[in-house]
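Have the structure open as you read.

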Amino acid sequence: MENLTDDLLRRAIGAIGVDVAEMSKPDKTRVVKDLESRGFFLIKESVELAARTLGVSRYTIYNYLNE
């Protein structure tokens with residue numbers, strides 16, 4: 001399962017074409033929306049993983065999902 005989540009994250013981030021450290025809020029929102037469309041957030045602890053990877057809080061991930 002870890003390989004699946006890592007692969008999904010890598011692909012979503014790669015599609016933006018910018019390092020995570022340089023991503024704007026709209027970039028991170030697009031990553032989260034892409035992950036949501038692929039069912040990423042159905043996986044246990046995926047919100048925490050996405051938050052850690054993008055350098056934001058779990059609360060921020062939920063806000064991005066609600067936008």
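A helix axis here is a line fitted to the C-alpha atoms over the stretch in contact, and angles between N-to-C directions run from 0 to 180 degrees. With that in hand, let's look at this predicted model, starting with a pair of helices and moving on to its salt bridges.

**Packing of α1 and α3**
- Helix α1 (residues 2-16) and helix α3 (residues 46-54) have axes that come within 11 Å and cross at roughly 45 degrees.
- That angle makes α1 oblique to α3.
- The crossing of α1 and α3 has a right-handed sense.
- On the α1 side, T5, L9 and I13 take part in the contact, and they meet L49, A50, T53 and L54 of α3.
- Sorted by class, this contact of α1 with α3 involves 5 nonpolar and 2 polar residues, with no charged ones.

- The model has a count of 6 salt bridges, and D7, R10 and R11 are linked in a network of them.
- D7 pairs with R10 at 2.5 Å, N to O; both lie in helix α1, 3 residues apart, about one turn of the helix.
- D7 also pairs with R11, at 3.1 Å from N to O.
- R11 and D7 are separated by about one helical turn because they are 4 residues apart in α1.
- R10 counts as exposed because its relative accessibility is 56%, the cut-off being over 50%.

**A link between distant parts of the chain**
- K25 and E67 form a salt bridge, with their closest N and O atoms 3.2 Å apart.
- This pair connects distant parts of the chain, 42 residues apart: K25 belongs to helix α2 (residues 25-37), and E67 to the segment after α4 (58-66).
- K25 has 48% relative accessibility, so it counts as partly exposed.

Key:
Residues numbered from 1 in each chain as written. Predicted model: local features only at pLDDT ≥ 70, side-chain atom pairs only at ≥ 80, totals over all residues. Heavy atoms only, no water. Helix = DSSP H or I, 4+ residues; strand = E, 2+ residues; numbered from the N terminus. Parallel < 35°, antiparallel > 145°, perpendicular 65-115°, else oblique. Left-handed = near helix turned anticlockwise from the far one by under 90°. Contact = heavy atoms within 4.5 Å. Nonpolar A, V, L, I, M, F, W, Y, C, P; charged D, E, K, R; others polar. Salt bridge = Lys/Arg side-chain N within 4 Å of Asp/Glu carboxyl O. Buried < 20%, exposed > 50% of the residue type's maximum accessible area, 1.4 Å probe, protein only.
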